[in-house]
Amino acid sequence: MKQLGWTILGAFLGLIVYIAYEHLITLRRPREIYGTWCAMFQPSIETGWDWVTDNIVISRRWGKIIIQNFDNSIGYRWEGRARIYKDRFLLGEWKSKKPGSHSGGIFALTLGFEGNYMCGYFIAPDTDSSKIGSGFVLGRTKADVITAKKRLESARIVFPRECTKNTR
């Protein structure tokens with residue numbers, strides 16, 4: 001019985017150390033990412049993959065980076081949880097906040113060199129439940145969003161629908 005008590009105490013202390021470590025790591029991360037950002041993304045379920053505008057708030061809570069949107073141009077409501085890697089890459093998962101929705105996915109963003117924009121992709125289910133990668137950009141201002149969008153479009157990976165060369 002005494003060993004069980006020590007085991008539970010050890011597990012509890014390990015959990016406290018882990019939570020404290022995660023919280024301190026998040027506090028050390030680049031503080032310039034926290035605050036309000038303008039955003040644009042391409043939901044794959046929209047006709048023509050038209051870009052949707054958004055405003056988001058990036059904050060931290062218990063060792064996690066929380067992303068919440070507001071003022072979405074077509075009414076989407078979503079929330080993301082992320083982590084920063086190498087002080088430059090924001091990786092996480094998102095989910096819809098609409099009641100009854102089961103939409104969600106993952107995203108990867110790269111912080112621009114000057115810290116005024118982020119660009120990358122998100123992977124989300126399409127209407128036929130296949131996984132589709134779409135563009136996702138953030139900027140401190142609307143002009144920064146346009147800069148990020150141009151950078152993403154110039155660097156975007158494009159896969160051909162059919163192989164036109166005989167590779168054998």
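This is a short chat about the fold and surface of a predicted model.

Student: How many helices and strands does the chain have?

Tutor: There are 2 helices and 8 strands in this predicted model.

Student: What pattern do they follow along the sequence?

Tutor: The order is α-β-β-β-β-β-β-β-β-α.

Student: Ok, strands then. How many bridges join β2 to β3?

Tutor: Strand β2, residues 52-61, and strand β3, residues 64-70, are joined by 7 bridges and run antiparallel.

Student: What do β2 and β3 form, and what sits in the turn?

Tutor: They form a hairpin, with 2 residues between the strands. W62 is in that turn and has a positive phi of about 50°.

Student: And which way do β3 and β4 pair, parallel or antiparallel?

Tutor: Antiparallel, over 4 bridges; β4 covers residues 78-85. I65, for instance, has A82 of β4 as its bridge partner.

Student: Switching to the surface. Which residues form the positive patch?

Tutor: R61, R77, K95, K97 and K98 form it.

Student: Where does K95 lie?

Tutor: K95 is in strand β5, which spans residues 89-96.

Student: Why does K95 count as partly exposed?

Tutor: Because its relative accessibility is 44%, and partly exposed means between the 20% limit for buried and the 50% limit for exposed.

Student: Last one. What share of the chain counts as buried?

Tutor: Of its 168 residues, 35% count as buried.

Methods:
Residues are numbered from 1 along each chain as its sequence is written. This is a predicted model: local features need pLDDT of at least 70, side-chain atom pairs count only at pLDDT 80 or more; totals for chains, interfaces and linings use all residues. Side-chain values use heavy atoms; hydrogens and water are left out. Patches are made of residues with over 30% relative accessible area and no salt bridge: like charges are joined within 9 Å, nonpolar side chains (Val, Leu, Ile, Met, Phe, Trp, Tyr) within 5 Å. Accessible areas come from the Shrake-Rupley method with a 1.4 Å probe; for residues, only the protein chains shown count as cover. A salt bridge is a side-chain nitrogen of Lys or Arg within 4 Å of a carboxyl oxygen of Asp or Glu. Lys and Arg count as positive and Asp and Glu as negative; His and the chain ends are not counted. The place of a charge is taken as NZ of Lys, CZ of Arg, CG of Asp or CD of Glu. Buried means under 20% relative accessible area, exposed over 50%, partly exposed in between (1.4 Å probe, protein chains only). Two strands pair if DSSP finds at least two bridges between them.
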